[in-house]
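User: I am new to this structure and would like to go through it with you. May I ask about individual residues as we proceed?
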Amino acid sequence: IIILIFLSRVIYNIFNEGSDFDIPYTLSKLFYQKIDIFQDLSRNPLYPHSLYFLFGPFTLFSLETAKIIFFLLNIFFLINLILYLKKIFQLSINEVKIIFLIAFTATPFTNLLAIGNLSLLIFYCLIHYYYNRSNLSKSLYLLISFFKYNVSFIFIIYSFINKEYKVLTYFISLNLFFAVCYYLYLDNFSIERIFDPYILALELVRGGGEVNNIGKSFFSIQSILIYFNLDKFYPLFFLLSLVLIFLAYKKLEVENHTKLVSLFIFSSILVYHGMYEFIILLPFAVYVLKNRRIISY
């Protein structure tokens, strides 16, 4: 009953409040009209080239219909993830009920479901990337999760630490393939244009508190540094953190599930995230529930 109450509010917000889904939907529509979406920064074209191809099927429907389809997909992803975490962490029925209640009532999830953000899709792909054994499947999951670099960047680094060189080769090749196809479709191919979305994303981060409210919260180390006017030290802090993480994973023997949880924690604190992106901490909630001896932490 509680979950249904929350979902009813989510459904109301889908049709009456703002939507993140509009951005990839509109950008994909423009791309199929042979408009180079990276030419207008006001449209927020920060996604990699692959998104505009893989998002194509949604553009066959009206925006309102596409929103409903994506909402139903998000519900599927969420239920599938909870059941997958049940299997991985060997949760009891009562523990699964608690996780369902947390997932469907927590602000990040209700916010995400209401605005149609891509973060749940990214979360779904990262979990399946981590536990999958096929190199090609892992690279495809990593490709989709790369739609949001601020969430998935740590897993790309982890793939390198874990010596998944075939996965990274497939991943880079697929990104290059979609980038080349993007500009060939628009008839304006040039090598330097391949990096357009990443350059724009870097400019957004450099915008600091001016953009995306990064400096108006304590959601990440970056936010805190901006708040205290120390953001010039953020690149150094970020690189040092990556070096320490690299050394820790190389030197320390860490249990597999613990490592997964730590990857999501590092992702959440090193780079700015919107509220909806904190869905990536659901495995941490599962981990704490399963290991009750650390509940005080």
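User: Leaving aside its neighbours within four places in sequence, which residues is Leu 120 in contact with?

Analyst: Please note that this is a predicted model. Beyond its neighbours within four places in sequence, Leu 120 is in contact with Asn 74, Phe 77, Leu 78, Leu 81, Phe 109, Leu 112, Leu 113 and Ile 279.

User: Where is the place of Leu 120?

Analyst: Leu 120 belongs to helix 7, which covers residues 119–131.

User: Is Leu 120 buried or exposed?

Analyst: Leu 120 has a relative accessible area of 0%. The limit for a buried residue is under 20%, so Leu 120 counts as buried.

User: What separates the C-alpha atoms of Leu 120 and Leu 184?

Analyst: A distance of 31 Å separates these two C-alpha atoms, and the residues are 64 apart along the chain.

User: Changing topic, how many aromatic pairs does a search of the whole structure find?

Analyst: The search finds 36 aromatic pairs. One of them joins Phe 21 and Phe 55, with 5.5 Å centre to centre and 45° between the planes, a tilted arrangement.

User: Which parts of the chain does that pair link?

Analyst: It links distant parts of the chain, 34 residues apart. Phe 21 is in the loop between helix 1 (2–16) and helix 2 (22–32), while Phe 55 is in the loop between helix 3 (49–54) and helix 4 (63–89). Both Phe 21 and Phe 55 are buried.

User: And what kind of aromatic pair do Phe 58 and Phe 70 form?

Analyst: Phe 58 and Phe 70 form an edge-to-face pair, at 5.7 Å centre to centre and with 80° between the planes. Phe 58 lies in the loop between helix 3 and helix 4, whereas Phe 70 lies in helix 4, so this pair ties together parts that are 12 residues apart in sequence. Phe 58 and Phe 70 are both buried.

User: Which residues do ring pairs link into a cluster?

Analyst: The cluster consists of Phe 31, Tyr 32, Phe 38, Tyr 52, Phe 53, Phe 177, Phe 178, Tyr 182, Tyr 183 and Tyr 185.

User: What lies over the face of Tyr 185?

Analyst: Lys 34 does, at 5.1 Å from the ring centre. Lys 34 is found in the loop between helix 2 and helix 3. With a relative accessible area of 48%, Lys 34 is partly exposed. Its phi is positive, about 65°, although Lys 34 is not a glycine.

User: What about Tyr 129, whose charged neighbour sits over the ring?

Analyst: There, the charged end of Lys 138 sits over the ring, 4.3 Å from its centre.

User: What is the phi of Lys 163, and where does that residue lie?

Analyst: Lys 163 has a positive phi of about 60°, although it is not a glycine. Its place is in the loop between helix 9 (149–161) and helix 10 (165–186). Lys 163 counts as exposed, at 53% relative accessibility.

User: What does the side chain of Ser 268 reach?

Analyst: The side chain of Ser 268 reaches the backbone oxygen of Ile 265 at 2.7 Å. Ser 268 is part of helix 14 (residues 256–270) and is buried, with a relative accessible area of 4%. Apart from residues up to four places away in sequence, Ser 268 touches Phe 219, Ser 220, His 273, Phe 278, Ile 280 and Leu 281.

User: Finally, how many disulfides does the whole-structure search find?

Analyst: The search finds zero disulfides. As for cysteines, Cys 125 is buried at a relative accessible area of 2%, whereas Cys 181 is partly exposed at 23%.

Methods: Residues are numbered from 1 along each chain as its sequence is written. This is a predicted model: local features need pLDDT of at least 70, side-chain atom pairs count only at pLDDT 80 or more; totals for chains, interfaces and linings use all residues. Side-chain values use heavy atoms; hydrogens and water are left out. Rings of Phe, Tyr and Trp (its six-membered ring) pair if their centres lie within 6.5 Å; planes under 30 degrees apart count as stacked, over 60 as edge-to-face and the rest as tilted. Helices (H or I, at least four residues) and strands (E, at least two) are DSSP runs, numbered from the N terminus. Buried means under 20% relative accessible area, exposed over 50%, partly exposed in between (1.4 Å probe, protein chains only). A charge sits over a ring if NZ of Lys or CZ of Arg is within 6 Å of the ring centre and within 35 degrees of the ring normal. A polar contact is a pair of N or O atoms within 3.5 Å; within protein, one must be able to donate a hydrogen and the other to accept it, and residues adjacent in sequence count only if both atoms are side-chain atoms. Contact means heavy atoms within 4.5 Å. A disulfide is a pair of cysteine sulfur atoms within 2.5 Å.
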